[in-house]
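This briefing is meant for a reader who is meeting the structure for the first time.

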Number of protein chains: 2
Amino acid sequence: MNSTELVKQIIRKRSFLCVGLDTDIGKIPSFLLQEEDPIFEFNKRIIDATKDFCVAYKPNIAFYEAEGSKGWDSLQKTLDYIPKDIFTIADAKRGDIGNTSMLYSKAFFEKYNFDSITVAPYMGSDSVQPFLKKDKTVIVLGLTSNVGAKDFQYLRLESGDRLFEQVIKTTSQWGSSDQIMFVVGATQSYELKAIRKIIPDHFLLVPGYGAQGGDLQSVVENGFNNRCGLLVNSSRGIIYADSSTNFDVVAGQKAEAIQQEMDALLTQHSIFN
Amino acid sequence: MNSTELVKQIIRKRSFLCVGLDTDIGKIPSFLLQEEDPIFEFNKRIIDATKDFCVAYKPNIAFYEAEGSKGWDSLQKTLDYIPKDIFTIADAKRGDIGNTSMLYSKAFFEKYNFDSITVAPYMGSDSVQPFLKKDKTVIVLGLTSNVGAKDFQYLRLESGDRLFEQVIKTTSQWGSSDQIMFVVGATQSYELKAIRKIIPDHFLLVPGYGAQGGDLQSVVENGFNNRCGLLVNSSRGIIYADSSTNFDVVAGQKAEAIQQEMDALLTQHSIFN
């Protein structure tokens, strides 16, 4: 699935919501623990409840890796279960020398059939290029929303740019705006405006909505482009909104509420009008 | 296993060789493919043949991940098989927000019982700190040996340092020199001298010996400290030196030849004398 198809889904669903499937065996409702594969069972019910309100799912791979080979089976089943018209993101933050990145690319794009993967930029071009594949998207860490972002990403370069600006300028040259997206943390929404000037056409994946304190109004004011250009992720605020047997219904309600807010914002900003 | 114990093993074996277990199902001798777990069978024979000549094993996780849940089982069996007096490195290059890095830490340190893990620095302190555990070592990417290293790692900062120097200065403050090591690519051995001045006491993991063109003599001249302070990795030059049924014997001979070169260099530079 490429970004043209993603835009079609955003128009159809009036939503640019990505649901983060950060499924932690220690946090899912306890009644699911009697299931053969509690992580998949949880994901399945979350997907059934939220699929009409979101356009993307983003499993953070750490949660599956922490469970060993069983976790990878749960991930595979989850990917097979996600409807084909929903964009999938492997939040893996991988990056290695060329021939090794090629293996990661093979694992996530071929074996698990993800549409996209997040990658860390520190090792440069040959660590990112193996992910530039037809109908696949590589999502480069630009500016992240965590406290450690200030340690290196904000460093001022001799050129006058900060490191994250240089990372975005350089990596955006390695492929088309349909092949590359960028992670831009929602807590830094005042930086979104500057980033949008550097890359007017690219999609931005904005994590940290909800739990990490992002504000949707300010994100869209600074981040929208004429084809929306945003995927806003919420994980804990949706999937752990309730811990009863009713958790999936509540997750669906949370997702629907965000979708309605997004619908209103698309209208207000005359996107797709 | 901590770095004090690692130094003891370096003294005992007169070696600072790390063998990279980059085990690719497409590259191992074909007669092994009839085994139930060819990847583990290959690793087992490589370990048997090389364990007297090396002090560390470094599986690059991409090779296991590419095989899905089966690959993770092969990794688990490999870790269980490595003798306990040999230092183990998960070459995973992970790095995520704090609570997610915590899960990676749990996976590699607890589930697979690795002694250390490589991490990418771009996301800063909270992405690295969850790996600072008792008797475990975090190995931060400093300067890598691939062509893409020049894209960002060499960027000159306003402060006058290049990015990799700042990364090493900053991250070395996050723990003791027994808790943190750095990856420094062997192809950049003229940079080793400058890095050694910044961090005189830390261990450096030097990948790229052999296949990537590093030169051992120049690496030790610039990188040795008074407790050796180096782990030099060779992967393809050892494990794929031969593709016959005799591959393990040849791998052992290759490892022994490197160990003898290392022994001579330790003597020549009066380390541990």
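**Helix pairs, barrels and the chain contact**

Helices α9(A) and α10(A) pass each other in a right-handed crossing. The model in which this crossing is found is a predicted one. In chain A, eight strands form a closed barrel with parallel pairing, and in chain B eight strands likewise close into a barrel whose pairing is parallel.

**Packing of α9 and α10 in chain A**

- Helix α9 (residues 189–198) of chain A packs against helix α10 (residues 216–223) of chain A at an angle of about 15°, and their axes are 8 Å apart.
- The two helices α9(A) and α10(A) are therefore roughly parallel to each other, since angles under 35 degrees count as roughly parallel.
- On the side of α9(A), the residues A:S189, A:L192, A:K193 and A:R196 take part, and they meet A:S218, A:V219, A:N222 and A:G223 in α10(A).
- Sorted by class, this contact of α9(A) with α10(A) has two nonpolar, four polar and two charged residues.

**Packing of α2 and α4 in chain A**

- The axes of helix α2 (residues 38–50) of chain A and helix α4 (residues 69–81) of chain A come within 9 Å of each other, crossing at roughly 20°.
- That angle makes α2(A) roughly parallel to α4(A), and the crossing in which α2(A) passes α4(A) is right-handed.
- From α2(A) the contact draws on A:I39, A:F40, A:N43, A:K44 and A:I47, while α4(A) brings A:G71, A:S74, A:K77, A:T78 and A:Y81.
- Four nonpolar, four polar and two charged residues make up the contact of α2(A) with α4(A).

**The barrel of chain A**

- The strands of the closed barrel in chain A run in the order β1-β2-β3-β4-β5-β6-β7-β8, and neighbouring strands of this sheet are turned against each other by 30° on average, direction ignored.
- Strand β6 (residues 180–184) of chain A pairs with strand β7 (residues 204–206) of chain A in the parallel sense over two bridges, and A:V183 stands opposite A:L205 in β7(A).
- Helix α10(A) packs on the sheet, where it touches β7 and β8 (230–234) of chain A, and its direction makes about 160° with that of β8(A).
- Helix α12 (residues 247–268) of chain A lies across β1 (17–20) and β8 of chain A, and it runs at about 155° to β1(A).

**The barrel of chain B**

- In chain B the barrel strands follow the order β1-β2-β3-β4-β5-β6-β7-β8, with a twist that averages 30° from one strand to the next.
- Three bridges join strand β1 (residues 17–20) of chain B to strand β2 (residues 56–58) of chain B in the parallel sense, and B:V19 stands opposite B:Y57 in β2(B).

**How the two chains meet**

- Chain A is superposed on chain B by a rotation of 180° with 0.0 Å of shift along its axis (RMSD 0.0 Å), and the two copies are thus related as by a two-fold rotation axis.
- In the contact between the chains, 47 residues of chain A touch 47 residues of chain B.
- Among the elements giving two or more residues to this side of chain A are α3 (61–65), α4 and α6 (125–128), while the largest share, seven residues, comes from α5(A).
- The residues on the side of chain A that touches chain B divide into 20 nonpolar, 16 polar and 11 charged.
- Because 100% of the interface residues of chain A are also interface residues in chain B, the copies meet through the same surface.

Definitions and conventions:
Residues numbered from 1 in each chain as written. Chains lettered and ligands numbered in written order. Predicted model: local features only at pLDDT ≥ 70, side-chain atom pairs only at ≥ 80, totals over all residues. Pairing = 2+ DSSP bridges. Helix = DSSP H or I, 4+ residues; strand = E, 2+ residues; numbered from the N terminus. Axes fitted to C-alpha atoms, helices over the stretch in contact; angles between N-to-C directions. Least-squares fit on C-alpha atoms with pLDDT ≥ 70 in both. Contact = placed C-beta atoms within 7 Å. Parallel < 35°, antiparallel > 145°, perpendicular 65-115°, else oblique. Left-handed = near helix turned anticlockwise from the far one by under 90°. Nonpolar A, V, L, I, M, F, W, Y, C, P; charged D, E, K, R; others polar.
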